[in-house]
Each structure stands twice: as structure tokens, then as C-alpha cells.
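Hi,

Here is the structure I said I would pass on.

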Amino acid sequence: MAGDVEGTFRDVYGQAVATLTRVFGDISLAEDAVQDAFVVATDRWPATGIPPNPAGWIVTTARNRAIDTLRRSKRGRELAEEAVPAIDPGDAGAQSEDSTVRDDQLRLMFTCCHPALRAEHQVALTLRLLGGLSTSEVARAFLISESAMEKRLVRAKYKIKAANIPYRVPADAELPARLRPVLSVIYLIYNLGADDRSRGPLRKEAIRLGRALVEMMPDEPEVAGLLALMILNDARMPARLVDDVVVLLRDQDRTAWDTDKIKEGQAIVRACIRRNRPGPFQLQAAIQAVHSDARSFELTDWPQIVTLYDQLFAVTPTPVIALNRAIAIGEVDGPRKALEHLDEVASQLANYHLMHAARAEMFRRLGEIDAARNAYETAAEL
């Protein structure tokens, strides 16, 4: 039962926080109330069973907790009275009709991605609020320590309060300026469910949000690129996780890939990447489209993938992209050349296990067994 409650927490936490934020206009109040509701659920559900509509139960319980909190002050009592009729207790996804944004979670994403906040604060805050992720999980997504992430979240919430940033849906004209961090949030939510079968609902939720965003902003090619990227990644998921163990791309059973998703993702890539100079999500989707088109690892068009990584690194020169580019270069020019490129970013990714795993693989292919062993051990420790 504890696992069932935890699973429900991950499934509906973001939805509940977003709905309560719309009702009460206060993220901190909504977050605290939803967390309290899950404490109650942990106590009650083992005896009563999970209710037929757990999301509605959580929202209703959290709403009542929030109202109790508000009624402790005069102004709070006024807000509570205003909020009571504003939500159907059984509806965890009640919608407002006053903007292009029709989805509570997308609404909260755009609200948190206010330009007054630094980009990394926008993404971290919305990940924490909408993904139901612990601070340590969000920290891992950013490759920083938990204490550093805690400070980042505190600063973001303080900035929201100090700058009196309203919890409202931005006007349609403001949406494009807030798009990049929203796309980053959705993709991070997807990735946090990529290597853990129990978090499969996170992937589905990210794809749902991506589809909603495409419907809302059909003329934004980067939105389409993100959706294609997630769909193409998801197409490989049946072969990527076998008995809860991650299987490397080289070793995956490609007959288990979802061909319908591959066709859909490739069609989106072809449609969106021709419309303008491609952005990072379009380019990442194009890379995945090339992978999904290969009948075997050996038949992959690696030169094309390197070319796409060159373009991707030109528009988004991050160490992680440099790492992936180096691995692709290794498939074209050999492991020694890959190590040269990995060395260029090794210090920036010293705490990233995949950097050391990549180095280990290149050393192994060169026959440098001691160096490979040391790098594998470092990767395992991280």
C-alpha cells in the first residue's frame, strides 16, 4: 500500500498543486496543502483502500487543508470564502477559459517561467512543483548538489514574493518569451521517467503536456520538435528497459521498438525542421529520427548524426551535448579521437557518471584495460 500511495503521489502531485494554485493563487499554500493531503492519505488509505478517484480525493483534502489555513487570518477567511465555490471537489483538472492555456499544469509552468526569474530557477521550481520530485531528484537533473538546489528553490520562491509576481496566466503575446524553460521542464519530466519503470506515468504526462502545447502553439517548430523527440525516445522504451535494467542502444532488440511511434515522430521531424533554422529540440529529434531509421547499430548513419551534433552544439554549447557529440565522433573516427573530445569537457562533467562511462568504453575499445576499469569504477561510484 505504501508503494501505491507513492505511485499516486507521483501521478497526481503536479496536477493537484497546479489546480490548487489556480484556486488560491498561492503556490506555497497549494504545495503545503497537497503535501498534507498525502500525509493523510498515507494514514488512511491502508485501512480504507485507494479511492476510485485518488486525484480528486487529494485535491478535495488539500483544498480543505488550505481553507483551514486561510481561515486563521481575517484576510485568509475572505480568500477562503472566495475559493470554496471555485472548484468542483471531484474534479482535479478543472479548467478556466480565459486564455489559450487550457491546462492547469501548463498554466503553472508558464506562471513559474516569469522573465523576472533566472532561467535555471524557472526550470527547477516548476520541476519541483509539477513533477512531485524531491529536492535531491531535481538536483540530480541539474547535476548539482542537493544543498545547492535547496538554495536555488528558496531564492526562486523569495523572488516571486519580493517582486510580487502574480500567479496568473500570461497574455497570449507573452507566451513565446516564456517558451524555452517550459519546453525544458517538460523534457526533464520525461527524462526523469525514462530509466525507471515505476515512473512511467511521468513520461506519459510529459508527452500529454507536449501534445497540449502543440495544440496551443501550432506555429512554434520547437514545440513540435520537443514532442517528436519524446515520441521517438518513447518508441525505444520497450527495448530500453528489460527486467528493470537499462539496455544500451547498441544491444537493444530493435524489433521491439514501437513502429507507430517511430512513424509519428519522424513525420513531425520532417514537418517542423524544414520551417526555419532548427532549434535544439528539433535537432535532438532529428538525431533520434536517424537512430530510429537504422535497422541495426552498425547501419546507423553516424556521419549524419555527427553533422547534426555539430549544429546542435553550435546553438546549445553545453558540456552534455559535447559529451554526446564526442561519442558519435568515436563511431566515425574511432575511440582515440572520441577521447580527445571527451578530455575537453571532462573537468566540467567530473561528477557526471555518463562522462566516466563513456571514457571507460573508449579505453576498453582501445584495449587499455586498467584505464577502462578505473573509469568504470568512478562511473559506478557516481
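Let me start with a helix pair: α5 (residues 104–112) and α10 (residues 200–216) pack at an angle of about 80°, with their axes 10 Å apart. Axes here are lines fitted to C-alpha atoms, for helices over the stretch in contact, and angles run from 0 to 180 degrees between N-to-C directions. That makes α5 and α10 roughly perpendicular to each other (65 to 115 degrees; under 35 is roughly parallel, over 145 roughly antiparallel, the rest oblique). On the α5 side the contact (heavy atoms within 4.5 Å) uses Q105, L106, M109 and F110, and on the α10 side E205, R208, L209, A212, L213 and M216. Sorted by type, the residues of this α5–α10 contact are 7 nonpolar, 1 polar and 2 charged. Nonpolar covers Ala, Val, Leu, Ile, Met, Phe, Trp, Tyr, Cys and Pro, charged covers Asp, Glu, Lys and Arg, and the others, Gly among them, are polar.

Some caveats: this is a predicted model, where local features need pLDDT of at least 70 and side-chain atom pairs count only at pLDDT 80 or more, while totals for chains, interfaces and linings use all residues. Residues are numbered from 1 along each chain as its sequence is written, and side-chain values use heavy atoms, with hydrogens and water left out.

Now the rings. Phe, Tyr and Trp (its six-membered ring) pair if their centres lie within 6.5 Å; planes under 30 degrees apart are stacked, over 60 edge-to-face and the rest tilted. The count by this rule is 4 aromatic pairs. One of them, Y187 with Y190, is stacked, at 6.4 Å centre to centre and 10° between the planes. Both tyrosines sit in helix α9 (residues 179–192), 3 residues apart, about one turn of the helix. Y187 counts as buried at 14% relative accessibility, and so does Y190 at 1% (buried is under 20% relative accessible area, exposed over 50%, partly exposed in between; 1.4 Å probe, protein chains only). Together with F281, Y187 and Y190 form one aromatic cluster.

Elsewhere, A119 of helix α6 (residues 119–131) is partly exposed, with a relative accessible area of 47%. A119 and P181 are 62 residues apart in sequence but 6.5 Å apart in space, C-alpha to C-alpha.

For the whole protein chain, buried residues make up 50% of the 382 residues. Of the contacts between residues at least 6 apart in sequence, 64% join residues at least 24 apart.

Cheers

Technical notes: Helices (H or I, at least four residues) and strands (E, at least two) are DSSP runs, numbered from the N terminus.
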